[in-house]
Amino acid sequence: EVDSSSDRFARFVGRAEYEAAGGPVRSDMFSDAVYLQDVELLTKLATEKLEAAAAPVLNEGFAWVDVRLSIDYAELHSFIRAPRVQREASEAEQAQINALQAQIDVLEIELLELEEAGEEDSETFAQKSEQLDELQATQEEFGATLCAIDEPFQAVNGAVVHVNQNGEVAIVRNIIRPDDYKAVSKQQKEA
């Protein structure tokens, strides 16, 4: 049996879903602890829920997706991040980048003027600061789209979907198994 408040799979599945599937529980009369008694059922429910959560990742075009309930820290960190390369922006993308930068430049000037006027506590300053933060976040996200996995590594690029210590789905994308990385690197050196 497992404690429903501390076991990651119990938190992931949820007590209500576990009980709805016919899972027996035991309550501790001297505390608020509730124990889920059928660990096999809990594991089955967690596996089904994780597979459902992983379904969209399977359609993202990875060479492989490893779906597992748990993975230890050492194994997870044995994977190698897929090498990325910066690509050139298309004309349309460059126009978007320029327009975004122009908006950021205008807001930065306006904020500087408000600051020089001693209005950094005003509602206008707060609104413009928020707008600037949003535009800078958009700019950063857009910049990330200009990076792509280095072509030789695309065929071995994958993802791991698992339940983390907090009982939540965790997805680690754009990773390569160590043996695959060595093989591709060796092929590149020989070419």
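Is glutamate 93 buried or exposed? Glutamate 93 is buried, with a relative accessible area of 16%, where buried stands for under 20% relative accessible area, exposed for over 50%, and partly exposed for what lies in between (1.4 Å probe, protein chains only).

This is a predicted model, in which local features need pLDDT of at least 70 and side-chain atom pairs count only at pLDDT 80 or more, while totals for chains, interfaces and linings use all residues. Residues are numbered from 1 along each chain as its sequence is written, and side-chain values use heavy atoms, with hydrogens and water left out.

**Salt bridges**

A search of the whole structure finds nine salt bridges, each defined as a side-chain nitrogen of Lys or Arg within 4 Å of a carboxyl oxygen of Asp or Glu. Three of these pairs are set out below.

| Glutamate 17 | Lysine 49 | 3.9 Å |

The salt bridge between lysine 49 and glutamate 17 links distant parts of the chain, since lysine 49 lies in helix α3 (residues 39–58) and glutamate 17 in helix α2 (residues 15–20), 32 residues apart. Here helices (H or I, at least four residues) and strands (E, at least two) are DSSP runs, numbered from the N terminus. Lysine 49 is partly exposed, at a relative accessible area of 30%, and glutamate 17 is also partly exposed, at 34%.

Salt bridges that share partners join Asp66, Arg68 and Glu75 into one network.

**Strand pairing around β9**

Two strands are said to pair if DSSP finds at least two bridges between them. Strand β9 (residues 169–176) pairs in the antiparallel sense with strand β5 (residues 80–81) over two bridges, and β9 also pairs in the antiparallel sense with strand β8 (residues 158–163), over six bridges. Isoleucine 175 in β9 is the bridge partner of arginine 81, and glycine 158 likewise stands opposite isoleucine 175. The hairpin of β8 and β9 has five residues between the strands, and in this hairpin glycine 167 takes a positive phi near 80°.
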